[in-house]
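Please keep the sequence and the coordinates at hand while reading.

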Amino acid sequence: MQKGNRKQLINWLLNQDENKIFEIKEHREKRSLNANSYFYVLQNKLADAIHTSNDELHFELLKKYSDVTLVTLPLGSEIFGIKYFEKYKQGEIKGIPATVYKVYRPSSEMDTKQFSRLLDGLISDCKEVGIETMTPDELAIMEGYERR
């Protein structure tokens, strides 16, 4: 996989076989494992506090804070390979009965910016019900101040 700025990639492409096919996409940093772990710790605490399952809460968080795409399918069509979706509305498109679905981006497919929005939303939801949201590092710093 080749990475670089626009000029670097153009120069690299000019030196490639004319018959090759390439896919170009913007590079985005992946989120940290710490952020991922912190998210699931808070999600578990919130699920316990509001007496729901982690799966149900996760879907509700995605509905509130994830990117959504509207997908229209002919009435009676089934969705395969997509985990987080819900029926939005039914109607007709050019005389054909259709269903519109809201499809939510799974957290596993989020980049750093998208996941930060999800995590910030979860933190806000936790604070609303009185759940401590400081990270272990933040708590350690606070304990250090208390000992002085």
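An α-helix has 3.6 residues a turn, so residues three or four places apart point the same way. The model is a predicted one, in which local features need pLDDT of at least 70 and side-chain atom pairs count only at pLDDT 80 or more, while totals for chains, interfaces and linings use all residues. Residues are numbered from 1 along each chain as its sequence is written, and side-chain values use heavy atoms, leaving out hydrogens and water.

The mean pLDDT (the predictor's confidence in each residue, from 0 to 100) is 86 for the protein chain, with 86% of its residues at 70 or more.

| Element | Residues | Mean pLDDT |
|---|---|---|
| α3, highest | 54-65 | 97 |
| α5, lowest | 136-147 | 62 |

The axes of α3 and helix α4 (residues 112-128), taken as lines fitted to C-alpha atoms over the stretch in contact, with angles from 0 to 180 degrees between N-to-C directions, come within 10 Å and cross at roughly 115 degrees. That makes α3 roughly perpendicular to α4, a term that covers 65 to 115 degrees.

Three strands form an open antiparallel sheet in the order β1-β3-β2, where two strands pair if DSSP finds at least two bridges between them. Because β1 (68-74) and β2 (85-93) each have a single partner strand, they stand at the edges and one side of each is left without a neighbour in the sheet. β2 pairs with strand β3 (residues 96-104) over eight bridges, in the antiparallel sense, and I93 stands opposite I96 in β3.

How values were computed. Helix = DSSP H or I, 4+ residues; strand = E, 2+ residues; numbered from the N terminus. Parallel < 35°, antiparallel > 145°, perpendicular 65-115°, else oblique.
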